[in-house]
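My entries are below, in the order I made them.

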Amino acid sequence: MFDLERVSVAYGAARVLKGISLRIREGEKAVIIGPSGAGKSTLLKKLYELRQAQCAFIHQDYALVAQLSAFHNVYIGRLDQHSTTHNLLNLLKPQKAELSQITPIFRAIGMEEKMFARVSTLSGGQQQRVAVGRAIYRRSSIILGDEPVSAIDPHQAGGLLELIKSSADTVILAMHDVQLALAAFPRVIGLREGRVFLDLPSEEVGEDTLADLYRRS
């Protein structure tokens, strides 16, 4: 699915990824962790570039249209799969076919009563749920996500992660909540200073390993 061999990414003179070698097979569920600035977001973007047609991406800043309803922001996830006429019809009045597909998603993310609320009126956590719903609605074989549950109540974040994991064959997320990441994912990829510092089954990632990963330079 993804096979990186000594891949580097730079922005101007700043090298963010430094010779990354990484293989992720179809059907894997993996989480990327590491200190701020380690290159997690850049790695996700690189993976997206490689398989863009097969991916749904959950952005860290949600990437929603604030003036539109939550429903329409989810519908945007498959905008490219419909004709202009069909999209305009759904903008004016959501059609039965789309309602039948999108309503269960809002129910699953706990947002059914807010489906037609304007996104600008929603809380950060609610907006993040809408972003997750849009990725699910796209029905891609791969979901990539950059901190997709960071604004969700910790007691509910685990359930939303399970929903994300069940919605695509291959799921790769970047997360800052290490304990939640270890509990939810069987494979953990740790980045440090633009390099792969660890790539282990979650049960093999102990406190000493984490301390090394997050130690200050």
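**Ground rules.** I am working from a predicted model, in which local features need pLDDT of at least 70, side-chain atom pairs count only at pLDDT 80 or more, and totals for chains, interfaces and linings use all residues. Residues are numbered from 1 along each chain as its sequence is written, and side-chain values use heavy atoms, with hydrogens and water left out.

**Helices α5 and α6.** I took helices (H or I, at least four residues) and strands (E, at least two) as DSSP runs numbered from the N terminus. I looked up α5 (residues 124–138) against α6 (residues 154–166): their axes come within 11 Å and cross at roughly 15°. Therefore α5 is roughly parallel to α6. Axes here are lines fitted to C-alpha atoms, for helices over the stretch in contact, with angles from 0 to 180 degrees between N-to-C directions. Angles under 35 degrees count as roughly parallel, over 145 as roughly antiparallel, 65 to 115 as roughly perpendicular, and the rest as oblique. I noted the crossing of α5 and α6 as left-handed; that term applies if the near helix is turned anticlockwise from the far one by less than a right angle, and right-handed if clockwise.

Which residues of α5 and α6 meet? From α5 I listed Arg129, Val132 and Ile136, and from α6 Gln156, Leu160, Leu163 and Ile164. Contact means heavy atoms within 4.5 Å. By class, I have five nonpolar residues, one polar and one charged in the contact of α5 with α6. In this scheme Ala, Val, Leu, Ile, Met, Phe, Trp, Tyr, Cys and Pro are nonpolar, Asp, Glu, Lys and Arg charged, and the others, Gly among them, polar.

**Helices α4 and α5.** The axes of α4 and α5 come within 10 Å and cross at roughly 130°. That makes α4 oblique to α5. Glu98, Gln101, Ile102, Ile105 and Phe106 of α4 make the contact with Val130, Gly133, Ile136 and Tyr137 of α5.

**Salt bridges.** I counted a salt bridge where a side-chain nitrogen of Lys or Arg is within 4 Å of a carboxyl oxygen of Asp or Glu. How many salt bridges does the rule give? The count comes to seven. One of them joins aspartate 3 and arginine 23, with the closest N and O atoms 3.2 Å apart. Aspartate 3 is in strand β1 (residues 2–11) and arginine 23 in strand β2 (residues 14–24), so the pair ties together parts 20 residues apart in sequence.

I also found glutamate 49 bridged to lysine 46 at 3.8 Å, N to O. Both lie in helix α1 (residues 40–50), three residues apart, about one turn of the helix. Glutamate 49 is exposed at 55% relative accessibility, while lysine 46 is partly exposed at 22%. My cut-offs are buried under 20% relative accessible area, exposed over 50%, and partly exposed in between (1.4 Å probe, protein chains only).

**Glutamine 128.** I placed glutamine 128 in helix α5. Is glutamine 128 buried or exposed? Glutamine 128 is buried, with a relative accessible area of 1%. Beyond neighbours within four places in sequence, its contacts include Tyr62, Glu147 and Pro148.

**Phenylalanine 116.** I found phenylalanine 116 in the loop between α4 (96–108) and α5. Phenylalanine 116 is partly exposed at 49% relative accessibility.
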